[in-house]
Amino acid sequence: MKHLIDIRDLSVEELNSLMDTAIDIKNNPHKYADKCRGKKLATLFFEPSTRTRLSFEAAMYELGGNVLGFSEAASSSSAKGESVSDTARIIGCYADIIAMRHPKEGAPLVASMKAGIPVINAGDGGHNHPTQTLADLLTIKIKKGDFDNLTVGLCGDLKYGRTVHSLIAALSRYSNIKLVLISPEELKVPWYVIKDVIVPNNMTYVETKSLEDAMSELDILYMTRIQRERFEEKEEYERLKDSYVLNLSKLKNAKDDLCILHPLPRVNEISVDVDLDKRACYFEQALNGKYMRMALILKLLDIKSQTEETSVSEKIVDSIVCQNPRCITSIEQELPHRFKLTDAVSNTYRCIYCEAKAKND
Ligand code: NCD
């Protein structure tokens, strides 16, 4: 059984396939309207959420499935002291797949060990947020076509911003990415991300406090909120909360095709006058999150997406008889004759055993 706990649980090929499916869903939603008929998604949210929970729920409804769950710890049995392990084990009896957000780092991993059904990490403390990364990647792909050779600025709370940690892990798979890590001293990327992800993957990176200095070289600017709820000292939050405010005048030196992203919600780190700039991509990014979550649900429930079903290599027919006398089917009578579409343009079918072409008479 597959879960999504860390973005690296998915290979680059799987990420590509999810993006292809998400784009197909976006263009042909009717083809997917019944794919999850009879299936249930449980959304277990022990922390506040708007986009992640509701886009998961919308995703499941648009696939024809159903949703159950809770949106705050207070309305679940955790308020009575139930463990994450027990909650997961119980929900595994009621649903087919779980999306879980929890303030404790590693809670969704624990759930995945107990639930007996696929578990998706919808954000664990200040640690990871892989499905936000799916939204980020699809938006970058649509805007830039590819991931290689990009200069990516990550700005704001790089310490507690879990979306940043997952995005860096995803980008570490591609070549020649330069990271510009823009934060106050107190909110720098955690050492383990540098040591375990950035350095071993030979990613080029610089750390700076100045957004203005970095602006002109960026292809992507990923703004983040200062994560008030993770601060131990309220005074420290108050001191750092307005560290970066992106406005139109700060974009003067930016590239014309800069792509501005933000996982949202924003507080005041992007002023609303930027929303009308063609480089602002964050609302589209939120929409892309729904399509990627639909693609992910299909994948984890092992339901074939339309792109997989219609791909040339998967199209198999059993109505053609192999004429090749050297084919194994000529001596093993019980074998079903099966032909695979290997070239959709010339409509060529080949025997799955001997690769002989089908005779078109
Ligand atoms: C992010 C999160 O929850 O980590 N929000 C989201 O899921 N889109 C970012 C944030 O809360 O700042």
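Trainee: Before we start, what does "partly exposed" mean here?
Mentor: Partly exposed lies between buried, which is under 20% relative accessible area, and exposed, which is over 50%. Glu 207, at 37%, is therefore partly exposed. Keep in mind that this is a predicted model.
Trainee: Which residue does Glu 207 form a salt bridge with?
Mentor: Lys 188, with the closest N and O atoms 3.8 Å apart. Glu 207 sits in strand 7, while Lys 188 is in the loop between strand 6 and helix 7, so the bridge ties together parts 19 residues apart in sequence. Lys 188 is partly exposed too, at 29%.
Trainee: Which residues are in the network?
Mentor: Salt bridges link Glu 185, Lys 188, Glu 207 and Lys 209.
Trainee: Changing topic. How many salt bridges does the structure hold?
Mentor: The count is 24.
Trainee: What does Glu 62 pair with?
Mentor: Lys 290, at 2.9 Å between the closest N and O atoms. Glu 62 belongs to helix 2 and Lys 290 to helix 10, so parts 228 residues apart in sequence are tied together.
Trainee: Is Lys 290 buried or exposed?
Mentor: Buried, with a relative accessible area of 13%. Glu 62 is partly exposed at 32%.
Trainee: And Glu 14, which side chain does that one meet?
Mentor: Lys 2, in a salt bridge of 3.4 Å from N to O. Glu 14 is in helix 1, and Lys 2 is in the segment before helix 1, 12 residues apart.
Trainee: Why does Glu 14 count as buried?
Mentor: Because its relative accessibility is 18%, and buried means under 20%. Lys 2 is partly exposed at 31%.

Methods: Residues are numbered from 1 along each chain as its sequence is written. This is a predicted model: local features need pLDDT of at least 70, side-chain atom pairs count only at pLDDT 80 or more; totals for chains, interfaces and linings use all residues. Side-chain values use heavy atoms; hydrogens and water are left out. A salt bridge is a side-chain nitrogen of Lys or Arg within 4 Å of a carboxyl oxygen of Asp or Glu. Helices (H or I, at least four residues) and strands (E, at least two) are DSSP runs, numbered from the N terminus. Buried means under 20% relative accessible area, exposed over 50%, partly exposed in between (1.4 Å probe, protein chains only).
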